[in-house]
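Here is a friendly briefing on one model, with a strand pairing to begin with and a pocket to follow. Have a look at the structure first.

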Amino acid sequence: MSESVRLKWLLSESDARAGAEAEALPLLSVSISWGVRRREAAGVTTRAAAEDLSNYKICRAGDLVINRMRAFQGALGIAPEDGIVSPDYAVLGVDPNVDSRWLNYFLTSGSTVATMASLVRGIGGTEAGNVRTPRLNIADLLSMAAPLVSAEEQRVIADYLDRETARIDTLIEEQQRLIDMLHERRQDLVRAMVLGVTNPFLPPPDVAFTPIGYHFSVTLGKMLDGNKETRAGDLMLPYIRAGNIQDSGLRLSDVNQMPYSATEAASLNLLKGDLLVVEGGAVGTNALVHRDMPGWSFQKTVNRLRPLNDWSSSWLGYVLRTYRDVGVVDIVCNKSTIPHLTAEKLRAMRIPVVQPQEQWRVATMLDRETAKIDRLIAESDRFIELSRERRSALITAAVTGQIDVREAA
């Protein structure tokens with residue numbers, strides 16, 4: 001495929017606005033993962049009553065729709081039906097002699113997306129004193145070259161990729177279902193071990209509960225204030241924030257620093273056995289500190305729970321994850337507002353009274369059994385990652401002529 005053609009000869013931009021048709025046409029959205037589809041299928045179920053869609057753009061079935069701010073990541077696709085899209089999207093009609101499936105594969109191939117990324121404007125720039133949002137200029141897109149192949153060859157390539165990517169997608173879906181099942185098994189195992197048949201919403205009278213604050217100190221981290229000047233003698237310390245805390249443990253690949261006074265550093269330190277619980281965001285998610293972390297601290301989005309006696313932080317972590325999964329944390333946080341699991345709420349939260357030796361036994365068993373499940377989940381995640389890489393490589397090879405799809409078929 002040595003010959004090429006400019007995309008401007010295959011595409012023509014349309015700027016038709018919906019006007020009175022807005023209410024009669026479905027609202028479409030564009031995603032990196034699934035291309036173009038109805039917005040409700042993307043998780044948004046209704047239109048806002050006051051939302052004025054008259055200025056939205058009309059796209060017709062077979063048009064190319066591009067999210068210009070994320071085009072360099074592959075956020076584009078062929079519209080499966082007539083609809084309306086955001087006025088910030090680009091809508092382009094496709095030459096009737098071009099197989100839209102082939103064009104979609106070409107534009108979402110790794111090599112094409114990389115070329116788009118090199119053309120994106122706005123990264124690192126400013127406009128009227130503000131950081132510009134990076135976006136793809138449609139004129140730059142139309143200046144790009146595509147392989148010059150016959151309509152018949154486009155169809156053959158598209159048929160081949162439809163078939164092969166469907167096989168890969170099926171394998172990915174199967175692995176994703178397996179991951180979902182493993183997560184459910186993990187949750188069921190933890191709940192059975194830490195609560196048994198006890199209903200935390202309606203606990204039986206013979207089961208004793210106690211406030212967390214009776215057995216653990218609860219301390220909220222330091223507020224991040226980027227405008228506050230560093231004081232003389234302050235220490236720049238790495239800190240744990242909510243995003244670093246996951247069920248699988250602490251993820252410290254992306255860590256920031258901020259200044260702490262010597263007093264703050266001493267009182268907001270991290271020791272082996274501390275339990276770090278997300279205060280705002282994924283509330284209730286927690287991770288155990290497995291070793292002393294000298295020179296580290298934590299931010300205000302995180303609560304530190306430290307044992308006051310011989311109760312197990314690991315066991316408490318499993319209880320809190322179960323409370324999160326069954327909805328107890330939602331009720332405590334009042335999900336009608338922005339959820340925050342404050343130190344006060346954590347101290348007052350009531351948990352089952354279990355003898356410390358039993359806590360340690362249960363936590364040890366759960367550590368062992370959940371680790372087995374987590375390994376299976378990690379293997380499936382890796383399979384999905386490799387499958388997606390293979391899918392991307394296959395598309396690029398097919399549309400650029402690196403493989404002869406007639407022979408491969």
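Ser14 has Val91 of β9 as its bridge partner. This is a predicted model, in which local features need pLDDT of at least 70, side-chain atom pairs count only at pLDDT 80 or more, and totals for chains, interfaces and linings use all residues. Residues are numbered from 1 along each chain as its sequence is written, and side-chain values use heavy atoms, leaving out hydrogens and water.

**The sheet**
- β2 and β9 (residues 89-94) run antiparallel and are joined by four bridges; strands are DSSP runs (E, at least two residues) and helices likewise (H or I, at least four), numbered from the N terminus.
- The open sheet has four strands in the order β2-β9-β6-β7, with antiparallel pairing (a pair needs at least two DSSP bridges).
- At the edges are β2 (11-14) and β7, each pairing on one side only.

**A helix across it**
- α1 lies across β2, β6 (64-67), β7 and β9, at about 170° to β7 (contact means heavy atoms within 4.5 Å; axes are lines fitted to C-alpha atoms, for helices over the stretch in contact, with angles from 0 to 180 degrees between N-to-C directions).

**The largest pocket**
- Its volume is about 830 Å³, the space filled by probe spheres set on grid points joined across faces, edges and corners.
- A pocket is an open set of points on a 1 Å grid over the protein atoms alone, where a 1.4 Å probe fits, with protein on both sides within 12 Å along at least five of seven lines; lining residues have an atom within 4 Å of a point.
- Of the 26 lining residues, Ile32, Ser33, Trp34, Thr108 and Arg391 are the closest to the centre.
- α1 gives the most to the lining, with five residues.
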